[in-house]
Amino acid sequence: MTRVGVPLSVCLRLSPTVSEEAQRSALMAQPSRTASQLSALPIINIEPYLHTHDGKGRISTAAALHAACLQYGFFYLDISTFVDPSEPEELARLAREFFALPQAEKDKITLANEDHARGYARLRENVTNGKADNHEGIDFYRPVEHPDKRKPLWGENQWPTVPGFREKYERWIEKMKALGLIVMEAMAAGLGMTPEEWSELRTQVDDSFWVMRAIGYPPLPNGYDGYSCGAHRDYGCLTFLYADSTPGALQVFLPQPGLVVQNPQSLSNIPKEEGVEEGMWINADPLPGCVVCNIGEMWEIWSNGLYKSTLHRVIHNGSNYRVSIPFFFEPNFNALVQPLSAALRIQDDTQKMQKNGVAEKYSPVVYGEFLLRKVGSNFSTGTGKYN
Ligand SMILES: O=C(O)CCC(=O)C(=O)O
Ligand SMILES: [Fe+2]
């Protein structure tokens with residue numbers, strides 16, 4: 001597996017071996033890239049963060065994460081030394097077995113039984129940007145104390161009766177929670193956080209209000225007025241996506257001022273507030289040993305906008321039934337998410353050098369409240385987890 005060529009070397013305060021000057025010049029030296037240079041997402045190996053002694057490796061992984069988050073908000077994370085590839089393959093197989101059941105069987109664990117967030121959503125039940133998504137799915141959330149299904153998000157998970165399903169998924173959830181903390185530590189280093197600052201940030205994510213989702217995509221019918229999954233940003237912290245080998249389905253939008261997308265139709269589902277209509281959609285096809293990782297809106301706040309949560313969508317035109325298994329590593333439900341000092345320091349330094357105006361500030365949010373606002377509409381209407 002090739003490693004990403006790291007265009008930036010950043011000051012890693014968790015391993016204070018690189019000078020602040022180097023960090024400044026790295027930020028100033030962000031190259032403006034051409035469309036073809038941007039067309040492949042970077043591949044980052046998390047391996048050095050699995051070993052405490054690998055200081056140099058850690059610096060390069062942290063720097064690569066920082067560069068990828070500045071440039072794309074999306075990257076491949078090579079986790080081949082963290083999990084056996086057979087594990088997510090087995091999850092996809094189990095999901096397939098569930099989705100192949102008769103409709104009435106699947107409906108036994110419908111979202112409506114619970115809090116409208118946990119359970120099974122039928123094909124086209126989810127709506128994004130006003131259009132029904134051509135997929136079905138099952139969602140599981142971090143269990144809560146004193147569940148009450150009358151309250152949004154506060155119900156109980158509903159597990160399929162497919163043999164081995166719950167056990168295998170629960171094992172994966174534990175691994176992805178651990179991976180979430182590892183990647184957060186590496187990103188904290190990439191942002192130049194001090195060990196004390198990382199300890200503080202860790203308390204915001206050490207009891208993640210995670211979401212585990214299994215999605216089934218039949219082929220998109222010709223002329224269908226909608227997508228397999230409409231363009232959206234993920235709203236939490238980090239998404240780790242395992243998908244089966246279907247090519248050309250997941251697409252990532254890279255805003256590029258001045259770059260006009262060839263097919264104007266493809267812009268029709270960019271949320272209006274985006275205000276950017278220039279850029280391109282690139283494929284994020286699965287790579288062996290890797291998950292596709294992207295940052296959600298909480299990282300946009302923490303980084304005070306340095307990192308962008310990137311639009312993505314799924315168009316599955318193939319003839320097979322595609323399965324994907326995203327895990328959403330989110331902040332704690334009560335986490336107060338606000339711009340981090342480390343991000344403000346970077347912006348301050350960059351501004352001094354570039355003589356730009358004052359950096360835009362993001363307002364703090366309590367993650368759980370933010371999430372409730374996002375899914376609140378699902379609770380009343382039963383639609384729209386990506387809205
Ligand atoms: O199925 C995929 O490839 C992406 C799904 C996704 O973006 C999501 O569930 O948020
Ligand atoms: Fe997504």
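1. The predicted model contains an open sheet of 8 strands in the order β1-β2-β12-β9-β14-β7-β6-β3, with mixed pairing; strands are DSSP runs of E of at least two residues, helices runs of H or I of at least four, numbered from the N terminus, and two strands pair if DSSP finds at least two bridges between them. β1 (43-45) and β3 (119-121) are the edge strands, each with a single partner, so one side of each has no neighbour in the sheet. Direction ignored, neighbouring strands are turned by 25° against each other on average.

2. Alanine 121 has glycine 137 of β6 as its bridge partner.

3. Helix α4 packs on the sheet, touching β3, β6, β7 (211-217), β9 (238-243) and β14 (322-329); contact means heavy atoms within 4.5 Å. The direction of α4 makes about 115° with that of β14; angles run from 0 to 180 degrees between N-to-C directions, with axes fitted to C-alpha atoms, for helices over the stretch in contact.

4. The axes of α4 (residues 86-99) and α6 (residues 165-190) come within 10 Å and cross at roughly 140°. Residues in this contact include Leu91 and Phe98 of α4 and Phe165 and Trp172 of α6.

5. The protein averages a pLDDT of 86, and 80% of the residues score at least 70; pLDDT is the predictor's confidence in each residue, from 0 to 100. Over residues 1-13 the pLDDT is below 50.

6. Residues are numbered from 1 along each chain as its sequence is written, and chains are lettered from A and ligands numbered from 1 in the order in which they are written. In this predicted model, local features need pLDDT of at least 70, side-chain atom pairs count only at pLDDT 80 or more, and totals for chains, interfaces and linings use all residues, while side-chain values use heavy atoms, with hydrogens and water left out.
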